[in-house]
Amino acid sequence: MSIFDEELFLKGLEQRKATLGAEYVEKNLAAADDFTRPFQEAMTSWCWGFGWGDETIDAKTRSMMNLSMIGALGKMTEWEIHLHGALKNGVSQDEIRAIIHVIGIYCGVPQALECFRVARKVLSAQDQNT
């Protein structure tokens, strides 16, 4: 790990596990090979250690920002992953709905519909687990 600070990686690893779940993160890191491992390590350091590790913005607000941005980009696989994390960080169903409304206003109805489809799937699975 010569291209980044090990402390930042460990801080990022803790943040990443706290939001996305240890099992999910460990599975992704275990699946990394020589080709993808440098990106996994750098992303954990930069996104989760540097970005999420800055305590200026609380985890709930950061999750809401991420849902907005990732939804705007239309990256629905990542949106689903971050939706799980947002729920874990205390984002309510009403707040998720409001975020999707804003995505629809600024990014278009088709993108909002995609977000609602994924949200319905995630929320339905969550209801079944409670």
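## G71, a buried glycine

G71 is buried, with a relative accessible area of 0% (buried means under 20% relative accessible area, exposed over 50%, and partly exposed in between, using a 1.4 Å probe and protein chains only). You'll find G71 in helix α4, residues 59-73; helices here are DSSP runs of H or I with at least four residues, numbered from the N terminus. Before going on: this is a predicted model, where local features need pLDDT of at least 70 and side-chain atom pairs count only at pLDDT 80 or more, while totals for chains, interfaces and linings use all residues. Residues are numbered from 1 along each chain as its sequence is written, and side-chain values use heavy atoms, with hydrogens and water left out.

So what does G71 touch, leaving aside its neighbours within four places in sequence? Its contacts are N66, W79, I103, Q111 and C115, where contact means heavy atoms within 4.5 Å. C107 sits 36 residues away from G71 along the chain, and the two C-alpha atoms are separated by 8.6 Å.

## S63 and N89

S63 lies in helix α4 too, and at 3% relative accessibility S63 counts as buried. Leaving aside neighbours within four places in sequence, S63 is in contact with W52, G85, A86, N89 and V91. From S63 to G104 it's 41 residues in sequence and 18 Å in space, C-alpha to C-alpha.

N89, one of those contacts of S63, belongs to the loop between α5 and α6. Is N89 buried or exposed? With 18% relative accessibility, N89 counts as buried. Setting aside neighbours within four places in sequence, N89 is in contact with T19, W52, A59, K60 and S63. K75 is 14 residues from N89 along the chain, with 20 Å between their C-alpha atoms.

Helix α1 covers residues 6-20. At 1.5 Å a residue, its 15 residues should span 21 Å, and the end C-alpha atoms are 20 Å apart, which agrees (the expected span is 1.5 Å times one less than the number of residues). The buried residues in α1 are F9, G12, L13, R16, T19 and L20. Looking down the axis of α1, these buried residues fall within an arc of 140 degrees, so they line one face of the helix; the arc is that of the directions from the helix axis to the C-beta atoms.

Over on the other side of α1, E7 and E14 are exposed. As for what covers the buried residues of α1, the cover includes α2 (22-31), α3 and α5 (76-88).

Take α3 (residues 37-51) to start with: it packs against α1 at an angle of about 75 degrees, with the axes 7 Å apart. Axes are lines fitted to C-alpha atoms, for helices over the stretch in contact, and angles run from 0 to 180 degrees between N-to-C directions. The two helices, α1 and α3, are therefore roughly perpendicular to each other; angles under 35 degrees count as roughly parallel, over 145 as roughly antiparallel, 65 to 115 as roughly perpendicular and the rest as oblique. On the α1 side, the contact includes L8, F9, K11 and G12, and on the α3 side Q40, E41, M43 and W48 are among the residues involved. By class, this contact of α1 with α3 has seven nonpolar, seven polar and three charged residues (Ala, Val, Leu, Ile, Met, Phe, Trp, Tyr, Cys and Pro count as nonpolar, Asp, Glu, Lys and Arg as charged, and the others, Gly among them, as polar).

Then there's α2, which packs with α1 at about 125 degrees, axes 6 Å apart. That pair, α1 and α2, is therefore oblique. L13, R16, K17 and L20 of α1 make the contact with A22, Y24, V25, E26, N28 and L29 of α2. Sorted by class, the contact of α1 with α2 has six nonpolar, one polar and three charged residues.

## Helix α6

Helix α6 (residues 93-107) has 15 residues and reaches 20 Å from first to last C-alpha, close to the expected 21 Å. I96, I99, I100, I103 and G104 are its buried residues. Seen down the axis of α6, they fall within an arc of 145 degrees, so they line one face of the helix.

That buried set in α6 packs against α4, α5 and α7 (109-129). On the other side of α6, D94, I105 and Y106 are exposed.
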